[in-house]
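Please keep the sequence and the three-dimensional view side by side while you read, and look up each residue as it is named.

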Amino acid sequence: MFLAELGSAFLLASFVLAVLSGVAGVVAGRGGDLTLARVARRAFYAAALGLVGASGTLLTALLSHDFVIAYVFEHSDRSLSLPLTAAAFYGGQEGSLLYWALLLALMGSVAVAAAAVSNPGTTAFANAVLAGIVGFFLLVMVFVASPFALLSGTPTDGLGLNPLLRDGGMLIHPPFQLAGYSAFGVPFAFAIAALLSGRDDAAWVAQTRRYALVAWGLQSAGLTLGMWWAYHVLGWGGYFGWDPVENAALMPWLATTAYIHSAQVQERRGTLRAWNFGLVIAAFLLSVLGTFVVRSGILPSVHTFAVSPLGTWFFGFLVASVAISGGALARRSGRLRSPQPVDASPSREGAFLLQNILLVALTAAVLWGTLLPLISGMTGRTLVVGAAYYERVSAPLLVAVLALLAVGPLLPWQRVRGGWLRLLRWPLAAAGVTLAGLVAAGVRQPGALVALPLVAAGLVTCLLEYGRVAVLARRLAGPLPLAAARVVARNRRRYGAYLAHVGILVVAAGLVGSHVWQQSRQVILLPGQSVTVGSHTLTYEGMAAQPAGDHSALVARLAMGDETLEPARLTYPSLGGQALTHVAIRSSPFEDVYVVLAGADGGAAAFTVYVNPLVTWIWVGGALLILGVLLGNLVRPEVERERVPAGLGATVPAR
């Protein structure tokens, strides 16, 4: 009871402080009052501290099994391990809202504090936008869906986590995915603030791009870990099924990918101003749409929460966000015209523009496929598209993006006037050699013959850039590795971007290989019988029951050479006999052997066996991408100092 009251008090105090911060931020931004801007910032910091207190209270309630709190009762039990009990913090509807708000408040506090010295007026508006977003989440938690609601009695045990969530993936995927969603609010806040304060020059891009990279990196980690978790837990042999919630996580990532690249055009050439504002706003709105889809239950998905009244609230928040951001963008549209036309000729600027068009087209196609059931349902006939639609639409667009990854970085900013073959000779050679090698190896699948040569060309383009590092390092004093590290350190943003490109290309190779060359067989075996898939023969040796804590496991043993694979079926008696599969995977750098125990009847057992080539490359490529983001984001942004209005003093007060 005490913990529930304490947590509710933290939430209410944070809500009041967020409202105060938002109002003070708007007034300070409009009137140029630096003292009031400081009050707004400090109120926002205090609201963040209140969310820290509420989060600590809920975590304490979970770890102490305080089952009088409904959330603790519904999402934990005494049989859960300590890490999974702590993970229940974000495992349910109300807890995930608290986690979302907590992360945005903390990231927003850091961003506001960092920007307050150089851009006090713009930061006041950004402060107000962040406070408004956090305030909405607090409004929902205080008045609609509190994580500290009480039961009428105190049960002796809780209901526990869904069996699918009782996995190590629960400790890593949801935290990053939710962090990615919430992080999109920071660049959105600074974009709206720039529109409200009239800062439409490259200064807002230099500031916002850093926060967009953070959001993009977190979402990249969330998507990669989500694919890994689905691959290891769901037992369907794949990792991305174009589920509505998966699509909702992908779309803001695509929009931000476009912005990260087009921002360079504005910094270099001063063009694409309105386009960049639109991309940042779209990424945030798509993240809100994803949050709405997850919490409304309006689209069927294994990832959504149960239908709840929160869907209406988030729909209202989405509509309000569209209206406010659209109004701010329309109000400044006259000032956002580029001083010079966009150069769509063969040049780096033209390549960035084409890449943006492709990514936005892909985002629009995914959005249409995701929302089609809702839109068509209004006419009385619900239409649903499957994975085949997304693959047909996305394949040509992604192939074009791969081509741009190979060609774009080699183009000069000015128009290319001849010398194409000399400029692109190494990527073209890599593509030609790869294509010849695939054909000689007997590959006839069009997807592999088109995509993999482009991947090879892109990798050579990146390696050429790192080769220049070695050339420059040889001219410096000291050992070559240290000299090369100094060269990279001087231009971390550039080399971080190329490392991220390498990661994306490696992921692309993994996606193509696992999609084109996957082999599978469904068989029923008796002990001693074998099945051959690809170059692997597996012999079924028998079945054994193994009780294990809160569940029982039916484990099959299959011999594959000197190795033993043990797929299993897990049953949870305390959860109504719910059952799920435990996949056995033997991974190597070039292929995975993936075995699912589909069922058992007497001495016979039903298996689905997959051979999935190059899946490991997806996880390696995702790690390289994130390392590239970390390397590139270590650069201190160069932000133009904002002129302090006359009469308000020459110095900016302390944060």
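Predicted model: local features only at pLDDT ≥ 70, side-chain atom pairs only at ≥ 80, totals over all residues.

Helices here are DSSP runs of H or I with at least four residues, and they are numbered from the N terminus. Arginine 468 and glutamate 465 both belong to helix α17, which covers residues 446-474, and they are three residues apart, about one turn of the helix. Their side chains form a salt bridge, in which the closest N and O atoms are 2.8 Å apart. Arginine 468 counts as partly exposed, at 41% relative accessibility, while glutamate 465 is buried, with a relative accessible area of 5%. Salt bridges with shared partners join Glu465, Arg468 and Arg494 into one network.

Arginine 166 lies in the loop between α6 and α7, and aspartate 77 in the loop between α3 and α4, so the pair ties together parts that are 89 residues apart in sequence. Arginine 166 counts as buried at 11% relative accessibility, and aspartate 77 is buried too, with a relative accessible area of 4%. Another salt bridge joins arginine 493 and glutamate 267, with 2.6 Å from N to O. This pair links helix α19 (residues 492-516), where arginine 493 lies, to helix α10, where glutamate 267 lies, across 226 residues. Arginine 493 is partly exposed, with a relative accessible area of 30%, and glutamate 267 is partly exposed as well, at 29%.

We now turn from charged side chains to aromatic ones. A pair of aromatic rings is described by the distance of the centres and the angle of the planes. The count of aromatic pairs comes to 23. In one of them, the rings of tryptophan 100 and phenylalanine 137 have centres 4.2 Å apart and planes at 15 degrees, so the pair is stacked; the cut-off for stacking is an angle under 30 degrees. Tryptophan 100 lies in helix α5 (residues 93-115) and phenylalanine 137 in helix α6 (residues 120-143), so that the pair links parts of the chain 37 residues apart. Tryptophan 100 counts as buried at 1% relative accessibility, and phenylalanine 137 is buried with a relative accessible area of 2%. A second stacked pair is made by tryptophan 242 and tyrosine 390, with 4.9 Å from centre to centre and 5 degrees between the planes. Here the loop between α9 and α10, which holds tryptophan 242, is linked to helix α14 (residues 387-407), which holds tyrosine 390, 148 residues apart. Tyrosine 390 counts as buried at 4% relative accessibility, and tryptophan 242 is buried at 16%. Tryptophan 242 also has a positive phi, near 55 degrees, although this residue is not a glycine. Returning to tryptophan 100 and phenylalanine 137, we find that one aromatic cluster is formed by Trp100, Phe136, Phe137, Phe314 and Phe317.

Four of them form an open sheet in the order β1-β10-β9-β8, with antiparallel pairing. The edge strands are β1 (519-525) and β8 (584-587), each of which pairs on one side only. Strand β8 is joined to the antiparallel strand β9 (residues 591-601) by four bridges, and arginine 586 stands opposite valine 593 in β9.

Which residues of strand β2 lie on its covered face, and which on the uncovered one? In this strand, residues 530-533, the covered face holds Val531 and Val533, whereas Ser530 and Thr532 are on the uncovered face. Four bridges join β2 to strand β3 (residues 536-548), and the two run antiparallel. Valine 533 has histidine 536 in β3 as its bridge partner. In the hairpin of β2 and β3, with two residues between the strands, glycine 534 takes a positive phi near 65 degrees.

Finally, consider two contrasting places for side chains. Helix α7 (residues 173-183) is mostly covered, with ten of its eleven residues buried, among them Leu178 and Tyr181. On the surface, by contrast, Val19, Val23 and Val27 form a nonpolar patch with about 230 Å² of accessible area together, and valine 23 lies in helix α1 (residues 2-31).

Methods: Residues numbered from 1 in each chain as written. Heavy atoms only, no water. Buried < 20%, exposed > 50% of the residue type's maximum accessible area, 1.4 Å probe, protein only. Phe/Tyr/Trp six-rings, centres within 6.5 Å; stacked < 30°, edge-to-face > 60°. Pairing = 2+ DSSP bridges. Patch = residues over 30% accessible without salt bridge, like charges linked within 9 Å, V, L, I, M, F, W, Y side chains within 5 Å. Areas by Shrake-Rupley, 256 points an atom, 1.4 Å probe, with all protein chains shown as cover. Salt bridge = Lys/Arg side-chain N within 4 Å of Asp/Glu carboxyl O.
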